[in-house]
Amino acid sequence: MERDIEIIVSQFRNEASKLFLAIVEDFERHAKKLDRQWDENVFRHMQGRFVQELKKQLTYIAEKTISQYQGDMGINILRRDLTAQIEYYIGELLLKIRSM
């Protein structure tokens with residue numbers, strides 16, 4: 001059972017990392033158009049939009065993954081692990097944005 005959950009979480013991470021990279025590239029493309037000295041509020045608003053979009057899409061992927069899981073016993077562990085992964089990717093996006 002634990003092994004199954006590890007595999008499922010690994011598959012989630014693979015899909016999530018592709019999504020993460022796509023969102024980072026999209027954010028960078030939009031941010032290059034801004035003059036941070038004059039458009040800081042726009043930058044912050046854009047940051048919030050992209051963080052929310054990442055969270056929404058990762059949550060969708062997680063829910064889809066959970067619905068495909070066949071085991072009953074480890075569903076709470078799987079939910080906990082996927083929630084932690086979502087939080088990790090959101091934190092990484094915020095770090096990436098703050099480093100710009």
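Buried means under 20% relative accessible area, exposed over 50%, and partly exposed in between, with a 1.4 Å probe and protein chains only. The model is predicted, so local features need pLDDT of at least 70 and side-chain atom pairs pLDDT 80 or more, while totals for chains, interfaces and linings use all residues. Residues are numbered from 1 along each chain as its sequence is written, and side-chain values use heavy atoms, with hydrogens and water left out.

Tyr88 is partly exposed because its relative accessible area is 45%. Tyr89 is buried, at 8%. Rings of Phe, Tyr and Trp (its six-membered ring) pair if their centres lie within 6.5 Å; planes under 30 degrees apart count as stacked, over 60 as edge-to-face and the rest as tilted.

| Pair | Centre to centre | Angle between planes | Class |
|---|---|---|---|
| Phe27 and Phe50 | 5.2 Å | 85 degrees | edge-to-face |
| Tyr88 and Tyr89 | 5.3 Å | 75 degrees | edge-to-face |

Phe27 lies in helix H1 (residues 2–31) and Phe50 in helix H2, 23 residues apart, and their pair links distant parts of the chain. Both Phe27 and Phe50 are buried. Ring pairs also join Phe20, Tyr88 and Tyr89 in a cluster.

Helices are DSSP runs (H or I, at least four residues), numbered from the N terminus. Gln85 belongs to helix H3 (residues 75–98) and is buried, with a relative accessible area of 15%. Gln85 touches Val9, Phe12 and Arg13, leaving aside residues up to four places away in sequence; contact means heavy atoms within 4.5 Å.

Technical notes. Helices (H or I, at least four residues) and strands (E, at least two) are DSSP runs, numbered from the N terminus.
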